[in-house]
Amino acid sequence: MTRLITSGFSHFILFIGILIMIVPVWMIFASSTHSGLTINTQGLQMFLGDSFYENYLRVLLYEGGFFKEITALKMFLNSFIMATGVAILSVITSLMAAYALVYYRTKYATLLFWIIFVTILVPLELRIFPTYSVMAELNLVNSYFGLIVPISASAIATLFFRQFYKTVPDELLESAKLDGANTWRFFVDFLVPLSKTMIVAMLIFMFVFGYNQYLWPLLVTSSEQYWTVVMGLKMMSGSIVHRFAFVMMSMVPPILIIIVLQKHFIKGVFQDK
Amino acid sequence: MSFLDLKNVTKIYPNGTKAVHETSLSISEGEFMVFVGPSGCGKSTLLRMVAGLEDITEGDINLDGQLINEVDPSERDVAMVFQNYALYPHMNVYNNLAYGLKNRGIDKETIEQKVNDAAKLLQISDFLQRKPSMLSGGQRQRVAMGRAIVRNPKIFLFDEPLSNLDAKLRIQMRLEIKKLQQKVGVTSIFVTHDQVEAMTLADRLAVINNGIIEQLGTPIEIYNNPESLFVAGFIGSPQMNFLDANLNNKTLSAENFEIKNIDSDYNGEVTLGIRPEHLIESENGLINLKVELVEQLGSDNLVYGQIKNIKDFCYRSPGNQIIKKGDTLSLNIEENKYYIFDKSTGKRVN
Ligand SMILES: Nc1ncnc2c1ncn2[C@@H]1O[C@H](COP(=O)(O)OP(=O)(O)O)[C@@H](O)[C@H]1O
Ligand SMILES: [Mg+2]
């Protein structure tokens, strides 16, 4: 009986939590399907209106910015390229960095690892001006390369992969060596497939990280051509319903990525067992 | 010339541990050599130096006429079976077996042929598609063996491959490994701390203690003629009994009995060793054993008792004999079946 009460109570709390998170999102969505006039005269709406297609299409295709060079569609493309680039590049670099740290048994591996680790304490925002001037020197301002590369070295992902590699038994490496595998083959044939689950998790994590970038893209792009969704959220002008529609759409890619990759993530976890 | 040749091989680990001392050893082609010794004596280290998984601090290792000190393990053409099997968890059994062949650029059909042959030999054909996590301990063991066999290497190395199996399976696999090795005929080194395993498998046995080969020989030579106290105590089950004694003018005096006309010129304090199976009951025997415990194994009994102040003296009696706690047995030693060791150095003196 007490059990039922506790369980009921925790469900109640859960329910409240969900409400707190969902309701504002719903209100924005519902409001975004009304006309601007309705919102301005009657406030935020709880129920769906009939201007969904009109509002969303206009937002997607509207040419914004000072020079009218960018549409929301282009922003989504930019964000997608940037987030995917960051995710893939940072997973590759940290996989390899961790491999070197764990398997190249230099005396300095631990020291090197801590130096890499310390960079967690120095986020991009702190080193943004030197990073910018490097990019400027290299003529990489206003390019996807410039958007992606400076934020694609992830100490956190390196840490995760390193900790994982350390749990891989030495006999596996030794056995592979005796089977004729060289350093590279061991990495490709063993470590990469064995860390599949973690790779997917890191891809999700780094995709969202890349997608959410604001300050760096703002700085490194002067051309409206390279605006990203998160920048657009700030720059977007126009009627409130259009901005709401844009906000709603901006949430879709990260959620989609999580849904798509989560399947592999869970499959990976269960397959290994 | 021998197939595998170790010359004054020494291993000192970076932390200063001297695991193997100037060891020399020759193994001929097709031979089944067993390294046996207590845990930490350096058996694995010696084996791993042959495999190339540990650097050789000093000395030379020659395999098939080639100095391999500096040869990378992937180029040595040796196969190793590890204690925990080290199967590739993300590959199915087929790929576990095929991986080594793929790395040598062998074509697909040949690989398939070889894998299927090896699988048949080891009776693992039915689960070639399974992942190692879906196999039992015995099956994993077979896959590990298969991975070694399929490559047809110059030498098989086994590092305590049976110690993770339960007792019954261990005996069964022991038999199979021996049969398989005889069939395939590949030179093998097998490391174990279990002297029964060592005795049953070995063509030749190296008893290792503290990084030194104490004795090298066929199992029966070593059993019959242990050259040191350590080897005598290590080989044979149940363990040899040891008694303190004195040897003077070819007469050995133990606590309450004497043996005359000993074939040794040594004088001084010694340890007398007698195997439990070398005792026989007889009237007016040398030794009076007060029985404290009897282990009945069916085929024979292990009788543990006391001789004066010496405890846990063991005597192996025929199984049909009924012996009870509290009995006193009068025992004699079989003709010349005793071993005398210098008490200070442990060297055999008779
Ligand atoms: N990587 C290592 N670094 C330092 N000492 C080691 C290492 N591996 C083994 N040893 C030491 O070397 C000795 C022999 O070890 P090992 O060959 O594994 O013994 P065994 O296989 O006979 O049990 C032991 O004293 C062990 O502690
Ligand atoms: Mg060992």
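A polar contact is defined here as a pair of N or O atoms within 3.5 Å; within protein, one atom must be able to donate a hydrogen and the other to accept it, and residues adjacent in sequence count only if both atoms are side-chain atoms. Under this criterion, a polar side-chain atom of B:Ser44 is placed 2.5 Å from an oxygen atom of ligand 1. The structure is a predicted model, in which local features need pLDDT of at least 70 and side-chain atom pairs count only at pLDDT 80 or more, while totals for chains, interfaces and linings use all residues. Residues are numbered from 1 along each chain as its sequence is written, chains are lettered from A and ligands numbered from 1 in the order in which they are written, and side-chain values use heavy atoms, with hydrogens and water left out.

Two further contacts involve ligand 1. An N or O atom in the side chain of B:Tyr13 is 3.3 Å from a nitrogen atom of the ligand, and a backbone N or O atom of B:Cys41 lies 3.2 Å from a ligand oxygen atom. The shell around ligand 1, taken as residues with a heavy atom within 4 Å of it, consists of B:Tyr13, B:Asn15, B:Thr17, B:Ala19, B:Pro38, B:Ser39, B:Gly40, B:Cys41, B:Gly42, B:Lys43, B:Ser44 and B:Thr45. By class, the shell contains 4 nonpolar, 7 polar and 1 charged residues; Ala, Val, Leu, Ile, Met, Phe, Trp, Tyr, Cys and Pro count as nonpolar, Asp, Glu, Lys and Arg as charged, and the others, Gly among them, as polar. Helix H1 (residues 43-51) of chain B gives the most to this shell, with 3 residues. Helices (H or I, at least four residues) and strands (E, at least two) are DSSP runs, numbered from the N terminus.

Burial is expressed as relative accessible area, with buried meaning under 20%, exposed over 50% and partly exposed in between (1.4 Å probe, protein chains only). B:Cys41 is buried at 3%, and B:Cys314 is likewise assigned as buried with a relative accessibility of 3%. The structure holds 0 disulfides over all chains, a disulfide being a pair of cysteine sulfur atoms within 2.5 Å.

Salt bridges were assigned where a side-chain nitrogen of Lys or Arg lies within 4 Å of a carboxyl oxygen of Asp or Glu. A network of salt bridges links A:Glu174, B:Lys11, B:Arg48 and B:Glu54.

Within chain B, the side chains of B:Asp77 and B:Arg104 form a salt bridge with an N to O separation of 3.0 Å. The pair links distant parts of the chain, 27 residues apart: B:Asp77 occupies the loop between strand E5 (66-67) and strand E6 (78-81), and B:Arg104 the loop between helix H2 (93-102) and helix H3 (108-122). B:Asp77 is buried at 17% relative accessibility, whereas B:Arg104 is partly exposed at 40%. A salt bridge is also found between B:Lys337 and B:Glu334, whose closest N and O atoms are 4.0 Å apart. B:Lys337 is partly exposed at 30%, as is B:Glu334 at 25%.

In the loop between E6 and H2 of chain B lies B:Asn92, which is buried at 13% relative accessibility. The B:Asn92 side chain reaches the backbone nitrogen of B:Asn95 at 2.9 Å.

Backbone geometry was also examined. Most residues other than glycine have a negative phi, and most peptide bonds are trans. B:Ser237 and B:Pro238 are joined by a cis peptide bond with omega of about -5°, and B:Pro238 is in the loop between helix H8 (229-234) and strand E11 (241-248) of chain B. B:Glu22, not a glycine, has a positive phi of about 25°; B:Glu22 belongs to strand E2 (residues 18-27) of chain B and is exposed at 54%. B:Asp312 has a positive phi near 55°, is located in strand E18 (residues 310-318) of chain B and is exposed at 56% relative accessibility.
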